Amino acid sequence: MPSPTPDLPVGTAGQVPVPARHPRLDPLADRYAARTHGMKSSEIRALFSVVSRPEVVSLAGGMPAVTALPLDAVGSMIGELVSGMGAQTLQYGSGQGDPRLRERICDVMALEGITDASPSEVVVTVGSQQALDLVTRVFCDPGDVVLAEAPSYVGALGVFQAAQARVQHVAMDDDGLVPEALEDALVECRARGDKVKFLYTIPNFHNPAGITLTEERRVRIMEIADRYDLLVVEDNPYGLLGFDREPMRALRARDAERVIYLGSFSKTFSPGLRVGWVLAPLAVREKLVLATEAQVLCPPSLTQYAVARYLDTQPWQQQIKTFIELYRERRDATLESLAALMPPGTTWTRPDGGFYVWLKLPSGLDAKLMQPRAVSAHVAYVPGIGFYADGQGKEYMRLSYCYPEPDQIREGVRRLARVVEAELDL
Ligand code: PMP
């Protein structure tokens with residue numbers, strides 16, 4: 001049946017008249033599941049149309065610098081994969097993921113001190129984003145509480161909200177998540193009778209805060225987790241991208257039963273291949289596999305084989321060093337420009353790895369309200385409120401230095417500094 005023109009009344013001779021529908025009112029509005037009510041567009045996706053304009057310097061999206069990959073070598077490798085391995089590369093595969101890739105994932109995790117992981121405890125996922133969704137599906141009922149740093153990764157908050165879990169934020173400072181604040185939150189939740197399902201944490205080069213949890217805090221946080229029988233979900237896509245030091249020892253390396261570890265090849269190789277993973281104790285792993293089979297049947301075969309072959313045949317650790325050098329230069333350009341140009345009263349974090357600087361505006365300014373003026377000045381950032389589940393963060397913004405070239409970064413920060421100055425003069 002041809003669909004009616006949405007803004008004209010429907011109903012001609014012989015037809016039951018249908019009330020006119022305003023095109024902007026959703027006729028299915030009362031039929032959606034309650035869980036869709038918590039779903040909202042992220043601050044980052046909302047910026048997509050703006051940041052793709054060539055005149056805009058985008059310090060908004062966290063897009064990896066994939067042009068630094070050896071594209072010809074990767075292209076030939078994928079071609080040879082299909083011709084060499086044949087139809088298998090184009091077939092369905094195991095719900096848990098390719099066994100060879102799971103072995104190689106264990107080698108990657110060993111770089112962060114996880115030396116006891118078995119491939120049988122690994123589930124390959126469509127990026128670590130799907131891993132987050134699976135873990136949340138497996139553990140959270142509506143109303144359950146997830147503890148998360150303040151601020152936290154916007155994509156994780158979206159998953160928790162879609163599952164109707166409640167997020168309780170836990171303070172962080174320059175050393176990462178504050179152990180006392182974690183303990184206070186646990187005591188508070190216990191007193192209220194909340195079911196705390198897990199702590200979600202990004203210990204390395206935090207998104208958006210750019211902060212790394214210190215060794216001393218890692219020990220204390222695991223002690224608290226032990227004392228309160230708390231499950232920890234360790235999200236670690238950036239851990240191998242440290243500029244000035246060796247990777248930190250993962251939380252999972254300290255406790256194999258209490259920590260569920262999420263990893264990804266998006267930042268160390270390619271985000272477009274969409275390959276990530278979960279490492280979990282066997283009982284949890286079983287549930288995760290059932291959940292992923294219900295969701296996607298199996299992760300994509302071709303991209304899993306591509307990642308496994310890349311790890312087997314290409315100098316991937318060298319490539320990570322190439323990424324590190326590139327991101328270090330961009331981080332330096334960002335920090336130097338901020339120091340030279342930002343008006344007094346502005347503060348920011350100094351990441352030693354990863355993609356992000358977290359900037360606090362002079363008191364009284366609001367990053368979200370300022371955004372239209374920044375866009376008019378051709379610079380984009382992500383306002384801080386998107387990184388909180390409870391409306392905090394007005395005075396903050398996230399700046400990503402991973403994608404623009406150093407000169408563009410300097411120009412972007414110059415434009416941003418002018419916008420902030422103008423805002424202070426208003
Ligand atoms: N966790 C964090 C902290 C992230 O920053 C990202 C990507 N920006 C993800 C998970 C998801 O990454 P992917 O699905 O590409 O592995």
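Where in the chain does Phe205 lie? In this predicted model, Phe205 is placed in the loop between S6 and H7. Its phi is near 50 degrees, a positive value in a residue other than glycine. Phe205 counts as buried because 26 C-beta neighbours lie inside 10 Å, against a threshold of 20 or more. The loop between S6 and helix H7 (215–227) also holds Pro208, and a cis peptide bond with omega of about 15 degrees joins Asn207 to Pro208.

Pro151 belongs to the loop between S3 and helix H5 (154–162). A positive phi is likewise found at Leu297, a residue other than glycine, where the value is near 65 degrees. Leu297 lies in the loop that connects H8 with helix H9 (301–313). Leu297 is exposed, because 11 other C-beta atoms lie within 10 Å and the limit for this class is 12 or fewer.

Ala148 has Tyr200 as its bridge partner in S6. Strand S7 (residues 232–235) also pairs with S8 in the parallel sense, over four bridges; here Glu234 has Tyr261 of S8 as its bridge partner. On the other hand, S8 and S9 run antiparallel, again with four bridges between them, and Ser264 stands opposite Gly276 in S9.

Strand S8 is mostly covered, with six of its six residues buried. In a regular strand the side chains alternate between the two faces of the sheet. For S8, both faces are covered: Val259, Tyr261 and Gly263 are buried on one side, and Ile260, Leu262 and Ser264 are buried on the other.

Of the 14 residues around the ligand, Gly127, Ser128, Gln129, Ser264 and Ser266 come nearest. Helix H4 (residues 127–139) gives the most to this shell, with three residues. By class, the shell comprises four nonpolar, nine polar and one charged residues.

A further open sheet has four strands in the order S10-S11-S14-S13, with antiparallel pairing. S10 and strand S13 (382–383) are its edge strands, each pairing on one side only. Five bridges join S11 to S14, and these strands run antiparallel. Val357 has Leu399 as its bridge partner in S14.

H10 contains 26 residues and reaches 37 Å from its first C-alpha to its last, close to the 38 Å expected at 1.5 Å a residue. Its buried residues are Phe323, Tyr327, Arg330, Arg331, Ala333, Thr334, Ser337 and Leu338. The buried residues of H10 pack against strand S10 (347–348), strand S11 (356–360) and strand S14 (396–400), as well as against helix H12 (406–425).

Lys368 is found in helix H11 (residues 367–376). When neighbours within four places in sequence are left aside, Lys368 is in contact with Pro383, Ile385 and Lys394. Lys368 and Glu395 are 27 residues apart in sequence and 8.3 Å apart in space, C-alpha to C-alpha.

Definitions and conventions. Residues are numbered from 1 along each chain as its sequence is written. This is a predicted model: local features need pLDDT of at least 70, side-chain atom pairs count only at pLDDT 80 or more; totals for chains, interfaces and linings use all residues. Helices (H or I, at least four residues) and strands (E, at least two) are DSSP runs, numbered from the N terminus. The expected span of a helix is 1.5 Å times one less than its number of residues. Two residues are in contact if their C-beta atoms, placed from the backbone, lie within 7 Å. Two strands pair if DSSP finds at least two bridges between them. A residue is near a molecule or strand if its C-beta atom, placed from the backbone, lies within 6 Å of it. Ala, Val, Leu, Ile, Met, Phe, Trp, Tyr, Cys and Pro count as nonpolar, Asp, Glu, Lys and Arg as charged, and the others, Gly among them, as polar.
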